[in-house]
Amino acid sequence: MCMEKWTSYLHETPVDVLISEDLKKALSLANKEMQSRKDIVYLLIDVVITLAQLNLPFRGHNEGEVSANKGVFKGIVELISRYHPPLMIHLQKGQANPKDTTPDIAKKDQLSIVVRYVNINGEIIVSLHDLIDVANCTAVGLVATIVEVFSKHGLLIESLRGQGYDGCATMAVDIMESKI
């Protein structure tokens, strides 16, 4: 009897192997999720680049669900989602769990400053200029941060034009008209 149990034990899968297999399954699932998110991000980046190259506005007059003019970006993303199930699922999850801000993994709100300019050859250049942790997410706080960043880099605010949008889709501030 003891010999049978010992022989049976020797032929069972060791616990460390079972744990290892569970870990592999969990990692595989996490990797698939991460790849799906990467695919969605690359798709969205392509939409952003296309709109920038075509000099098209991103936003519409009213971006509510029943609005006829949600804006070019939102309209294109919704169109693509009809043919791209992972994007459709991602959008549905976002609608089910709306947020006013988009904090990073450390739960900090960040301001991304993207600069679009014409170089000496007449080419339109779009580049991420800065990514900053923001403590004051009001319109005045965001504009003050933008002015500070441009000043730090020696850019004259008087010669710049731009728009800024917060996560609530309620703010469109022309930097030159803001009173700081």
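1. Leaving aside neighbours within four places in sequence, Thr145 is in contact (heavy atoms within 4.5 Å) with Leu111 and Ile132. Thr145 is placed in helix α5; helices (H or I, at least four residues) and strands (E, at least two) are DSSP runs, numbered from the N terminus. Thr145 is buried, with a relative accessible area of 17%. Buried denotes under 20% relative accessible area, exposed over 50%, and partly exposed in between, with a 1.4 Å probe and protein chains only.

2. On provenance, this is a predicted model, in which local features need pLDDT of at least 70 and side-chain atom pairs count only at pLDDT 80 or more, whereas totals for chains, interfaces and linings use all residues. Residues are numbered from 1 along each chain as its sequence is written, and side-chain values use heavy atoms, with hydrogens and water left out.

3. The protein has five helices and four strands. Their order from the N terminus is α-α-α-α-β-β-α-β-β.

4. Both contact partners of Thr145 named above, Leu111 and Ile132, belong to the largest nonpolar core, which has ten residues: Leu111, Ile113, Val115, Ile132, Val134, Leu142, Ile146, Val149, Phe150 and Ile157. At least two residues of this core come from each of β1 (110-118) and α5 (139-152), and α5 gives the largest share, four residues. Another core, of six residues, lies apart from it and includes Ile40, Val47, Leu51 and Val77. A nonpolar core is here a set of buried Ala, Val, Leu, Ile, Met, Phe, Trp, Tyr and Cys residues joined through side-chain atoms within 4.5 Å.

5. The count of salt bridges (a side-chain nitrogen of Lys or Arg within 4 Å of a carboxyl oxygen of Asp or Glu) comes to one. The pair is Glu33 and Arg37, whose closest N and O atoms are 3.0 Å apart. Both residues lie in helix α2 (residues 15-53), four residues apart, or about one turn of the helix. Glu33 is partly exposed, at a relative accessible area of 36%, while Arg37 is exposed, at 52%.

6. As to the whole chain, buried residues make up 17% of the 180 residues in the protein. Among contacts with a separation of 6 or more, 36% are between residues 24 or more positions apart.
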